[in-house]
Amino acid sequence: EDELRGKVIWVTGASSGIGEELLSQLSKIGALLAISARREDELEREKKKCLEISNLSEKDILVLRLDLTDRSSHEAATNSVLKHFGKIDVLVNNGGRSQRSLFVDTNLDVYSAIMELNYLGTISLTKYVLNHMIERKRGKIITVSSVMGLMGAPLASGYCASKHALQGFFNSLRTELTDYPEINITVICPGPVQSQIIQNVFTENLAKPLEKSGDQSHKMPTDRCVRLTLVSMANDLKEAWVSDQPYLAICYLWQYAPTWAWWLMNKLAKKRIQNFKSGVDADVSYSRKKK
């Protein structure tokens with residue numbers, strides 16, 4: 001709380017899920033917020049909610065509509081935040097979409113859209129904010145990746161690719177900032193979370209929504225995920241895996257025993273695809289017994 005109170009924090013993907021919960025917890029702490037997403041009406045709703053649950057005033061929360069895929073707008077958006085607050089202490093790159101489709105069924109334009117949003121949109125906005133942080137010689141850049149940025153999984157090949165790209169980019173960027181020790185890069189890797197990301201996933205066709213999202217109750221609660229994210233942010237962790245079991249154990253297998261990880265994932269992949277095709281959530285606990 002002491003580390004983040006009074007800081008100017010810009011959150012993308014702020015209208016739902018992890019982004020929405022970030023706003024709630026940050027506003028209670030007393031952070032000054034720039035909140036961005038494509039749906040301005042939802043952002044206004046979030047602002048009203050934050051004002052009701054905190055001691056912030058109208059001027060402490062800036063609503064700024066932003067489309068991450070419109071890279072030509074990112075410089076102006078950054079300038080708008082700077083004009084309003086005078087600085088940006090923390091950028092939280094939270095905007096993005098997941099995927100539920102098999103590669104053999106998926107149009108290539110879906111992969112292009114995933115990379116444009118999750119990867120290129122994120123690093124484009126980061127570029128403009130980083131220029132400001134370099135001038136000040138301080139700042140935090142927090143990027144919400146995924147455990148899918150550490151491993152591979154069926155039904156999410158494009159999403160995994162975009163998160164692997166983010167991991168590689170920010171790990172490399174961190175090494176380019178050694179002359180700026182007060183600029184910290186943190187990558188958050190959540191496992192399955194009870195957010196609304198599943199309701200807006202890419203499928204095999206850009207125009208096709210996911211027909212059934214399935215029960216999400218087995219996943220980590222969003223407030224727990226966000227609390228751990230803020231702890232990681234405040235303590236300048238380079239990378240944080242935020243997940244329940246058994247997914248967290250699988251992350252460690254991929255890191256330290258990849259041969260075993262491949263064997264296990266091949267076993268779990270069949271169940272994941274079966275879950276998806278039967279209309280239940282693909283990430284439903286594999287150890288759960290049928291009733």
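Trainee: Leaving aside neighbours within four places in sequence, which residues is Gln167 in contact with?
Mentor: This is a predicted model, and the contacts are read from its atoms. Gln167 has its place in helix 5, which runs over residues 157–176. Once neighbours within four places in sequence are left aside, the residues in contact with Gln167 are Ser145, Ser146, Gly149, Leu150, Val187, Cys189 and Glu239.

Trainee: Is Gln167 buried or exposed?
Mentor: The relative accessible area of Gln167 is 6%, and the cut-off for burial is under 20%. Gln167 is therefore classed as buried.

Trainee: How is Gly168 classed, and what separates its C-alpha atom from that of Gly149?
Mentor: Gly168 also has its place in helix 5. Because its relative accessibility is 35%, Gly168 counts as partly exposed. Along the chain Gly168 and Gly149 are 19 residues apart, and their C-alpha atoms are separated by 9.1 Å.

Trainee: Where does Ser243 lie, is it buried or exposed, and which residues does it touch?
Mentor: Ser243 is placed in the loop between strand 7 and helix 7. With a relative accessible area of 12%, Ser243 is buried. Not counting residues up to four places away in sequence, Ser243 touches Gly191, Pro192, Met220 and Leu248.

Trainee: What is the arc covered by the buried residues of helix 7?
Mentor: In helix 7, residues 247–256, the buried residues are Tyr247, Leu248, Ile250, Cys251 and Trp254. They lie on the same side of helix 7, because the arc they cover around the axis is only 155°.

Trainee: Which residues form a nonpolar patch on the surface?
Mentor: Phe103 sits in the loop between strand 4 (90–93) and helix 4 (108–136). At 52% relative accessibility, Phe103 counts as exposed. The patch has about 380 Å² of accessible area together, and its residues are Phe103, Val104 and Leu108.

Trainee: How many residues apart in sequence are the parts that the pair of Arg71 and Glu116 ties together?
Mentor: The side chains of Arg71 and Glu116 meet in a salt bridge, with 2.8 Å from N to O. Because Arg71 lies in the loop between strand 3 (61–63) and helix 3 (74–85), while Glu116 lies in helix 4, the pair ties together parts whose separation in sequence is 45 residues.

Trainee: In the salt bridge of Lys59 and Asp60, which residue counts as buried?
Mentor: The two side chains meet in a salt bridge at 3.5 Å, N to O. Lys59, at 59% relative accessibility, counts as exposed. With 12% relative accessibility, the residue that counts as buried is Asp60.

Trainee: What is the distance between the closest N and O atoms of Lys87 and Asp89?
Mentor: Lys87 counts as partly exposed at 27% relative accessibility, whereas Asp89 counts as buried at 7%. Lys87 and Asp89 form a salt bridge, and their closest N and O atoms are apart by 3.3 Å.

Trainee: Which residues are linked in a network of salt bridges?
Mentor: The count of salt bridges comes to 14. The residues linked in a network are Glu20, Glu42, Arg45, Glu46 and Lys49.

Notes:
Residues are numbered from 1 along each chain as its sequence is written. This is a predicted model: local features need pLDDT of at least 70, side-chain atom pairs count only at pLDDT 80 or more; totals for chains, interfaces and linings use all residues. Side-chain values use heavy atoms; hydrogens and water are left out. Helices (H or I, at least four residues) and strands (E, at least two) are DSSP runs, numbered from the N terminus. Buried means under 20% relative accessible area, exposed over 50%, partly exposed in between (1.4 Å probe, protein chains only). Contact means heavy atoms within 4.5 Å. Patches are made of residues with over 30% relative accessible area and no salt bridge: like charges are joined within 9 Å, nonpolar side chains (Val, Leu, Ile, Met, Phe, Trp, Tyr) within 5 Å. Accessible areas come from the Shrake-Rupley method with a 1.4 Å probe; for residues, only the protein chains shown count as cover. A salt bridge is a side-chain nitrogen of Lys or Arg within 4 Å of a carboxyl oxygen of Asp or Glu. The arc is that of the directions from the helix axis to the C-beta atoms.
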